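Here are my notes for reading through this model with you, arranged as numbered points. Please keep the structure open beside them and look up each residue as it is named.

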Amino acid sequence: MIKALRAGGLFDGTTAFGPSMVLVEDGRIKDVDTTGAQPPEGAEVVDYGAEAWILPGLIDTHVHLAFDASGDPVAGLEGAADDDVLAGMRRAAGRALEAGVTTVRDLGDRGYLALRLREEAASWPHVQPHIVAAGPPITSPGGHCHFLGTEVWGREALIAAVRERHERGCEVVKVMASGGAMTPGTSMHLPQYQAQDLRAVVEEAHRLGMTTAAHVHSSEAIVQTLDAGFDTLEHLTFFTDHGPDPDPALVDRIAGHGATLSLTVGRLPDEPAAGRIAQMLGRLYPAWARLHGAGAAITAGTDAGINRAKPHDVLPYAVQDLAGPIGMTPGEALAAVTSVAADACGLAGVKGVLKPGADADVLVVGRDPLHDLAALRDVRSVYRAGCDIDPVGLLSW
Ligand SMILES: [Zn+2]
């Protein structure tokens, strides 16, 4: 049975159109009409009206389903049984899906629980977002997020860690290339690895068909990870020993490099700015805006789960940050969380676009998001693989 979704406007991942119709069959997009054609004979027509807009489901390129978006998610994980963590992950995934976030890239879980979560919904895609999984992040002994379980040092051990992730079914390798704010004893301005070891990780991951994501706060580590060829740079906060200090020459080098920048934006406006990155944004926005102006590929990686201001459905707020302080047009900001994000996740043409053959992950909002990005929070419908979502179904496991 073909489903025909109609609305007064459509954004296909790159371009906006007027009255449009999306035809869905067998979980995929069969066709997109922007000419005003009639639905095919026998199709089930869902007309959302002239005010509504249809767009691809949104993609958050950096979440932690295992973090509970409380005041202290690390303490929440400590000593928690896997089944209890998994129950929280089901809720987190459902919350993202209800907001229209139909794909999440989980850049650090515990014990490969994100893979278990994904497996649960293998036959029922409409109960959770598509999950691109990194497994536990690779970090140095005692390094950032070491409590998530994979502390590795030295070339051979790093390569073995990449292979283990591939064998288990992860699509992306996440490396903590510098210290981080959540982990006492690590330094945000210092690298955790040697440049040649990072290169070995990227080479092995690419050989196995995986993408690579580097957590980088340190300016020194940014240079290392650019040289190593990581596909996405996470956070990108330019930390030096005196705090964030973006060097204009480094900013220009990043812009010319081709890596996608997964910027840590998006927070609930009524929660106090928690975490070190949130408090430093005033110093980072000008550098990020310059990167955008220079043509760098940018996505929103919210770091959902790490504190109260970042629940797992926070992505629509991040889109507004991309447009405001970073200076994207509304269309660029929407592309950043759809087609550009899909490219970064290794899902070009499959997610983040409304094109024939793409997965029918679709968000319908009540009004024109190009006119007002807050429209992303006026959700009318969400489809995963062509089905109306049912995040509650996930909770009944
Ligand atoms: Zn993170």
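**Notes on the model**

1. Asp26 is exposed, because its relative accessibility is 72% and exposed means over 50%. This residue belongs to the loop between β4 (20-25) and β5 (28-33), and its phi is positive, at about 50°, although Asp26 is not a glycine. Please bear in mind here, and in every point below, that the model is a predicted one.

2. Tyr112 also has a positive phi without being a glycine, in this case of about 60°. Its place is in the loop between β9 and α3. Is Tyr112 buried or exposed? With a relative accessible area of 8%, Tyr112 is buried, since the cut-off for buried is under 20%.

3. Which residues hold the zinc ion? The ion is coordinated by His62 and His64, each through NE2, and by Asp303 through OD, at 2.0 to 2.1 Å. Along the chain these donors follow the spacing H-x1-H-x238-D. Both histidines lie under the cut-off for burial, for His62 counts as buried at 1% relative accessibility, and His64 counts as buried at 4%.

4. Helix α9, which covers residues 315-323, is largely enclosed by the rest of the structure, because eight of its nine residues are buried. The buried ones are Leu315, Pro316, Tyr317, Ala318, Val319, Asp321, Leu322 and Ala323. If you ask what covers these buried residues, the elements include the strands β8 (58-63), β9 (101-106) and β16 (298-300), together with the helices α8 (276-293) and α10 (330-336).

5. The crossing in which α2 passes α3 is right-handed. On the α2 side the contact is made by Asp82, Asp83, Val85, Leu86, Met89, Arg90 and Ala93, and on the α3 side by Leu113, Ala114, Arg116, Leu117 and Glu120. Sorted by class, the residues of this contact are seven nonpolar and five charged, with no polar ones.

6. A second pair is formed by helix α6 (residues 219-228) and helix α7 (residues 248-255), which pack at an angle of about 25° with their axes 11 Å apart. These two helices are therefore roughly parallel to each other, as angles under 35 degrees count as roughly parallel. Their crossing is left-handed. From α6 the residues Ser219, Ile222, Val223, Leu226 and Asp227 meet Leu250, Arg253 and Ile254 from α7. In this contact of α6 with α7, five residues are nonpolar, one is polar and two are charged. As you look along either helix, remember that an α-helix has 3.6 residues a turn, so residues three or four places apart point the same way.

7. Ala81 sits in the loop between α1 (73-77) and α2 (82-98). Its relative accessible area is 40%, and Ala81 is therefore partly exposed.

8. Thr211 counts as buried at 16% relative accessibility, because the cut-off for buried is under 20%. Leaving aside neighbours within four places in sequence, Thr211 is in contact with Glu171, Val172, Val173, Asp231, Ala344 and Gly346. Thr212 lies in strand β12 as well, and with a relative accessible area of 0% Thr212 is buried. Not counting residues up to four places away in sequence, Thr212 touches Val172, Val173, Val202, Ala205, His206, Gly229, Phe230, Asp231 and Thr232.

Key: Residues numbered from 1 in each chain as written. Predicted model: local features only at pLDDT ≥ 70, side-chain atom pairs only at ≥ 80, totals over all residues. Heavy atoms only, no water. Donors = N, O, S within 2.8 Å, 3.2 Å for Na, K, Ca; no water. Buried < 20%, exposed > 50% of the residue type's maximum accessible area, 1.4 Å probe, protein only. Helix = DSSP H or I, 4+ residues; strand = E, 2+ residues; numbered from the N terminus. Axes fitted to C-alpha atoms, helices over the stretch in contact; angles between N-to-C directions. Parallel < 35°, antiparallel > 145°, perpendicular 65-115°, else oblique. Left-handed = near helix turned anticlockwise from the far one by under 90°. Contact = heavy atoms within 4.5 Å. Nonpolar A, V, L, I, M, F, W, Y, C, P; charged D, E, K, R; others polar.
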